[in-house]
Amino acid sequence: MSPEDRERRLARTVCGVVLGALRDSGARRLFLVDDGSPEASLCARWLSSGLPAGTVHTVTPPVTSGNAHRGGEGTGPGVESPLQRVAPDEGARALARSLASAEDGVVAGPANRTTLLLAPDAAPDRVLPLGDLWASRVAELAGGWSGPAAVRELAERLGGVQRLDRALADWVSARPLDLPEAAERELLASLRRAQSARRWPRLVPKLENRTMWMDLGR
């Protein structure tokens, strides 16, 4: 199978899952957080070509002029907001959530699997089209990869994102890690922090007889 055929197969799988999620939720639109990353570009390319026209809207960070770019919409120059300068992905995410709430939609984020495993706050979005794609695989498909500074720095210290992904794959499969002792300790500490954030995304002191999260799941 050629690289092009493999990518088309991946894209079809992603689009099929996302379309199913939209149908299950009764949503008509997908608002993709566009943080300017290779992942966001790859998501937009796959989803725009594989979902019905008008379904996918990319959302870039807002500007103070109020021009929100959504799937090519919005014109005119704007001044960066403080949120855009400090955390552009969060600015786009906040706008995407607002649009999704107002226009019967679902928010999708571009995070890759490597980032999701290592970054405590990397999975705030409902749909994660590239959540099962390693950062090194994203780099092959999109010409680069992104992640929080701590993840990029860890990859650099371990000798590159491919080595980081191999170590993560070994950890997921419960195999011994082929890393120096100090590097292994650092990787495991990062994984523990991210695991804790996923396991306990919210803490609610128990004050009544009922269990809060069981009630919410009814």
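**Helices, sheet and pocket: a quick tour**

Let's start with a pair of helices. Helix α8 passes α9 in a right-handed crossing; right-handed means that the near helix is turned clockwise from the far one by less than a right angle, and left-handed means anticlockwise. Helices here are DSSP runs of H or I with at least four residues, strands are runs of E with at least two, and both are numbered from the N terminus.

A word on the source. This is a predicted model, where local features need pLDDT of at least 70 and side-chain atom pairs count only at pLDDT 80 or more, while totals for chains, interfaces and linings use all residues. Residues are numbered from 1 along each chain as its sequence is written, and side-chain values use heavy atoms, with hydrogens and water left out.

Back to the pair. α8 covers residues 161-172 and α9 covers residues 181-199. They pack at about 65°, axes 12 Å apart. Axes are lines fitted to C-alpha atoms, for helices over the stretch in contact, and angles run from 0 to 180 degrees between N-to-C directions. Which residues of α8 meet α9? Leu 164, Ala 167, Leu 168 and Trp 171. On the α9 side are Leu 187, Leu 188, Leu 191 and Gln 195. Contact means heavy atoms within 4.5 Å.

Next, the sheet. Three strands form an open sheet, ordered β2-β1-β3, with parallel pairing. Two strands pair if DSSP finds at least two bridges between them. β2 (56-59) and β3 (105-108) are at the edges with a single partner strand each, so one side of each has no neighbour in the sheet. The twist averages 25° from one strand to the next. Four bridges join β1 (residues 29-33) to β2. Phe 31 has His 57 in β2 as its bridge partner. Helix α2 packs on the sheet and touches β1 and β2. Its direction makes about 160° with that of β1.

α2 (residues 38-50) has a helix partner too. Its axis and that of α6 (residues 135-142) come within 10 Å and cross at roughly 65°. This crossing is left-handed. From α2, the contact uses Pro 38, Glu 39, Leu 42, Arg 45 and Trp 46. From α6 come Val 138, Leu 141 and Ala 142.

Last stop: the largest pocket. On a 1 Å grid over the protein atoms alone, a pocket is an open set of points where a 1.4 Å probe fits, with protein on both sides within 12 Å along at least five of seven lines; lining residues have an atom within 4 Å of a point. Of its 31 lining residues, Thr 115, Ala 119, Ala 122, Gly 147 and Pro 148 are the closest to the centre. Which helix gives the largest share of the lining? α7, with five residues.
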